[in-house]
Amino acid sequence: MSLNREEEPKREWLLRCQDSRGHVSVCSISVGAGEMEICGPDEAAFFRLHPWEVAAFRRAFDEAVVRVEADLASS
């Protein structure tokens, strides 16, 4: 078994976002033990998705992305 981290699947994604004051900050999406955690700046908007909630979240998130893209395209 290799201990090379490059062979391990990605478990965390860091995303730029804005805090409540409009300052640039970092949000994260992390996956572990079959759950997904999404954490906003300073953990202010933290919530966890259980395994049975992930598919519904993805569908809603994907739909929201499509909506945002459509709004941007029409402006």
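These legends accompany several close-up views of a predicted model.

**View 1. The disulfide between Cys 17 and Cys 27.** Welcome to the one disulfide that a search of the whole structure finds. The sulfur atoms of Cys 17 and Cys 27 sit 2.2 Å apart. Cys 17 belongs to strand β1 (residues 12-18) and Cys 27 to strand β2 (residues 24-32), so the bond ties together parts that are 10 residues apart in sequence. Turning about the S-S bond gives a torsion of about 100 degrees, so this disulfide is right-handed. Both partners can be checked for burial: Cys 17 has 17% relative accessibility and counts as buried, and Cys 27 is buried too, with a relative accessible area of 16%.

**View 2. Cys 39 and its closest cysteine sulfur.** If you are wondering about Cys 39, its closest cysteine sulfur is that of Cys 27, 7.7 Å away. A disulfide needs the two sulfur atoms within 2.5 Å, so the distance from Cys 39 is too far for a bond. Cys 39 is buried, with a relative accessible area of 13%.

**View 3. The hairpin of β1 and β2.** Here β1 and β2 run antiparallel and are joined by seven bridges. To find your place along the pair, look for Leu 14, which stands opposite Ser 28 in β2. Five residues lie between the strands of this hairpin, and Gly 22 takes a positive phi near 85 degrees.

**View 4. The hairpin of β2 and β3.** Strand β3 (residues 35-39) pairs with β2 in the antiparallel sense, this time over five bridges. A handy landmark is Ser 30, whose bridge partner in β3 is Glu 37. The hairpin has two residues between its strands, and Ala 33 takes a positive phi near 55 degrees.

Terms used
Residues numbered from 1 in each chain as written. Predicted model: local features only at pLDDT ≥ 70, side-chain atom pairs only at ≥ 80, totals over all residues. Heavy atoms only, no water. Helix = DSSP H or I, 4+ residues; strand = E, 2+ residues; numbered from the N terminus. Buried < 20%, exposed > 50% of the residue type's maximum accessible area, 1.4 Å probe, protein only. Pairing = 2+ DSSP bridges.
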